[in-house]
Amino acid sequence: FMDVSGYDNLSKALAFDQSHVVVIMDHNVHNLDKTSSTKFASLVNEIVFQMNSLIPICTHGQAKLVIGGHSASGQAAMQAWQQGLLSTLPWNPVGFIGLDPYEISNKTMADNTIMNLPGLYWGFTTTTCLVAVQKAAKAAYSWTTADTRVLYVIHNEKHDSQM
């Protein structure tokens with residue numbers, strides 16, 4: 001289980017000793033509905049707008065921006081990128097991290113719009129929290145350019161002896 005503080009810890013670990021700004025956040029705090037690409041993009045754009053005051057060492061163009069999300073936030077992040085809602089120039093995203101993003105399907109993704117950002121995806125072998133495996137990390141991986149992506153699949157099936 002990952003709560004909001006988990007996003008902070010993950011971002012710190014990803015950006016340690018690097019010139020990257022990692023944006024993994026909860027764009028709809030205290031609400032389970034996290035699928036709004038508009039809300040996700042608004043928060044990312046506001047963070048980028050205030051980057052110099054939030055992280056004084058960063059000046060426009062020096063750090064690299066990595067976006068991403070967990071579950072429905074991952075879907076919102078992918079859709080925001082696909083829909084061109086991230087008006088972050090000169091901070092264009094250089095990478096994507098999908099922590100079991102859901103729902104990634106023809107229903108939610110723009111037709112024929114393959115994400116050309118390097119992607120790191122984490123998923124499971126068995127459905128969890130109503131997240132169908134075929135519409136989560138594995139699907140997000142398939143919506144990404146082939147030579148710039150990594151998919152980690154965590155084996156989470158229980159065997160009879162473990163029950």
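**Strand pairing and aromatic contacts**

Modeller: In this predicted model, L99 stands opposite W122 in β4.

Colleague: How many bridges join β3 to β4, and in which sense do the two strands run?

Modeller: The facing residues L99 and W122 belong to this pairing. The strands β3 and β4 run parallel, and the number of bridges that join them is four.

Colleague: Which strand pairs with β3 over six bridges?

Modeller: V66 stands opposite G95 in β3. The pairing over six bridges is in the parallel sense, and the partner of β3 is strand β2, residues 64-70.

Colleague: How many aromatic pairs does a search of the whole structure find?

Modeller: F96 and Y121 form a pair with 5.7 Å centre to centre and 35° between the planes, which is tilted. F96 lies in strand β3 and Y121 in strand β4, so this pair ties together parts 25 residues apart in sequence. Both F96 and Y121 are buried. The search of the whole structure gives a total of two aromatic pairs.

Colleague: Is the pair of W122 and Y152 stacked or edge-to-face?

Modeller: The ring centres of W122 and Y152 are 4.4 Å apart. Planes under 30 degrees apart count as stacked. The planes of W122 and Y152 are at 15°, so the pair is stacked.

Colleague: What is the relative accessible area of Y152?

Modeller: Y152 lies in strand β5, 30 residues from W122 in strand β4. W122 is partly exposed at 34% relative accessibility. Y152 is also partly exposed, and its relative accessible area is 41%.

Definitions and conventions. Residues numbered from 1 in each chain as written. Predicted model: local features only at pLDDT ≥ 70, side-chain atom pairs only at ≥ 80, totals over all residues. Heavy atoms only, no water. Phe/Tyr/Trp six-rings, centres within 6.5 Å; stacked < 30°, edge-to-face > 60°. Buried < 20%, exposed > 50% of the residue type's maximum accessible area, 1.4 Å probe, protein only. Pairing = 2+ DSSP bridges.
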